[in-house]
Amino acid sequence: MFEKIIEYQNLDIRRNALIRDLDNLKEKDEVDKVANLIKDNQNRLAEIDLEAKNTIAIYSKCEADFRKLKEEIDRISSSNMSSDDKEKWANKEDVLDKQFSTIERNLSVQVENVSNIIKQFEACKNNIVKYKNKYLESKEKYNEERKKYLPKLEEITKELEKLEKEVDKKLLQRYKQLKQDKIFPVFVAVNNNSCGGCSMEFSSAHMTKLKQDGYLECEHCRRINYNN
């Protein structure tokens with residue numbers, strides 16, 4: 001009863017080992033590493049875009065403040081103002097100077113920010129181009145290594161597909177359900193009245209059920225035990 005499903009499971013174990021070897025290839029690690037570098041620089045570009053928008057907004061506000069202040073000074077300087085009004089505004093000369101200085105400093109900072117943003121943008125853009133070329137190179141090397149595994153992987157997959165037609169449908173369905181739940185191997189041979197997976201000892205009643213049904217699902221690890 002279990003011969004075919006055990007054969008199926010053994011093939012599945014070999015396939016899993018091949019897939020694991022593929023995932024652990026150093027060439028794949030390099031591909032993933034470069035892909036992450038590309039992603040990091042793309043994320044940084046998005047951040048730079050936000051910084052640029054904030055800088056533009058601050059710069060625009062400085063320009064607006066400067067125009068407003070200049071209009072105020074022009075109004076003070078106009079001949080339409082009375083002597084008393086001009087005298088009042090003259091007393092605010094220090095305040096106006098400070099406002100001009102603040103605007104000047106802010107503008108200077110934003111100009112420097114723009115310069116830095118441009119440098120960072122160019123650096124990220126160049127990095128993306130460089131890493132994309134590196135990615136293509138690494139992907140090509142990975143594909144070359146991957147080709148060494150694919151024939152055997154395809155062969156085992158075909159054998160599994162063929163065996164699926166011969167395996168008991170109920171056992172196969174249960175096998176796939178438990179494997180999906182990360183329980184693997186699914187079928188294990190009972191070992192000295194204990195689970196062949198987690199080593200939990202079975203009671204006499206459980207052993208009787210095992211003999212009657214031919215198999216027993218462990219209550220602890222859920223693996224299916226059978227008599228070897």
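Helices here are DSSP runs of H or I with at least four residues, strands are runs of E with at least two, and both are numbered from the N terminus. By that rule, Asn-133 sits in helix 4.

Some ground rules before I go on. This is a predicted model, where local features need pLDDT of at least 70, side-chain atom pairs count only at pLDDT 80 or more, and totals for chains, interfaces and linings use all residues. Residues are numbered from 1 along each chain as its sequence is written, and side-chain values use heavy atoms, with hydrogens and water left out.

Confidence next. pLDDT is the predictor's confidence in each residue, from 0 to 100. The protein chain averages 89, and 91% of the residues score at least 70. Where is confidence lowest, and where is it highest? Helix 3, residues 83–90, has the lowest mean, 61. Strand 1 has the highest, 95.

Back to Asn-133. Its relative accessibility is 47%, so it counts as partly exposed. The scale is this: buried means under 20% relative accessible area, exposed means over 50%, and partly exposed is in between, with a 1.4 Å probe and protein chains only. Asn-133 and Val-34 are 99 residues apart in sequence, but 9.6 Å apart in space, C-alpha to C-alpha.

Glu-104 is also in helix 4. Is it buried or exposed? Exposed, with a relative accessible area of 57%. Glu-104 and Glu-63 are 41 residues apart in sequence and 9.8 Å apart in space, again C-alpha to C-alpha.

Now look at Asn-41, in helix 2. Its relative accessibility is 10%, so it counts as buried. What does it touch? Leaving aside neighbours within four places in sequence, Asn-41 is in contact (heavy atoms within 4.5 Å) with Cys-124, Asn-127, Ile-128 and Tyr-131.

On to the rings. A pair of aromatic rings is described by the distance of the centres and the angle of the planes. Rings of Phe, Tyr and Trp (its six-membered ring) pair if their centres lie within 6.5 Å; planes under 30 degrees apart count as stacked, over 60 as edge-to-face, and the rest as tilted. How many aromatic pairs does the structure hold? Seven.

Take Phe-66 and Phe-100. They are edge-to-face, at 5.7 Å centre to centre, with 70° between the planes. Phe-66 is in helix 2, residues 26–77, and Phe-100 is in helix 4, residues 93–147, so the pair ties together parts that are 34 residues apart in sequence. Phe-66 is partly exposed, at 36% relative accessibility. Phe-100 is partly exposed too, at 25%.

The second example is Tyr-175 with Phe-187. This pair is stacked: 6.3 Å centre to centre, 10° between the planes. Tyr-175 belongs to helix 6 (residues 169–180) and Phe-187 to strand 1 (residues 187–189), so this pair ties together parts 12 residues apart in sequence. Both Tyr-175 and Phe-187 are buried.

Those two residues belong to one aromatic cluster, together with Phe-2, Tyr-8, Phe-184, Tyr-215 and Tyr-226. Stay on Phe-184. The charged end of Lys-179 sits over its ring, 5.5 Å from the centre. The test there is NZ of Lys or CZ of Arg within 6 Å of the ring centre and within 35 degrees of the ring normal. Phe-184 is also joined to Pro-185 by a cis peptide bond, with omega about -5°. Pro-185 lies in the loop between helix 6 and strand 1.

Now the sheet. Strands of a sheet pair through backbone hydrogen bonds, either parallel or antiparallel. Here, two strands pair if DSSP finds at least two bridges between them. What is the strand order? It is 1-3-2, in an open sheet of three strands with mixed pairing. Strand 1 and strand 2 (215–217) stand at the edges, each with a single partner strand, so one side of each is left without a neighbour in the sheet.

Strand 2 and strand 3 (residues 224–226) run antiparallel, joined by three bridges. Within that pairing, Leu-216 has Asn-225 in strand 3 as its bridge partner.

Arg-222 is in the loop between strand 2 and strand 3. Its phi is near 70°, a positive value in a residue other than glycine. Arg-222 is partly exposed, with a relative accessible area of 31%. Asn-193 also has a positive phi, about 65°, although it is not a glycine. Asn-193 sits in the loop between strand 1 and helix 7 (204–213), and is partly exposed at 42%.
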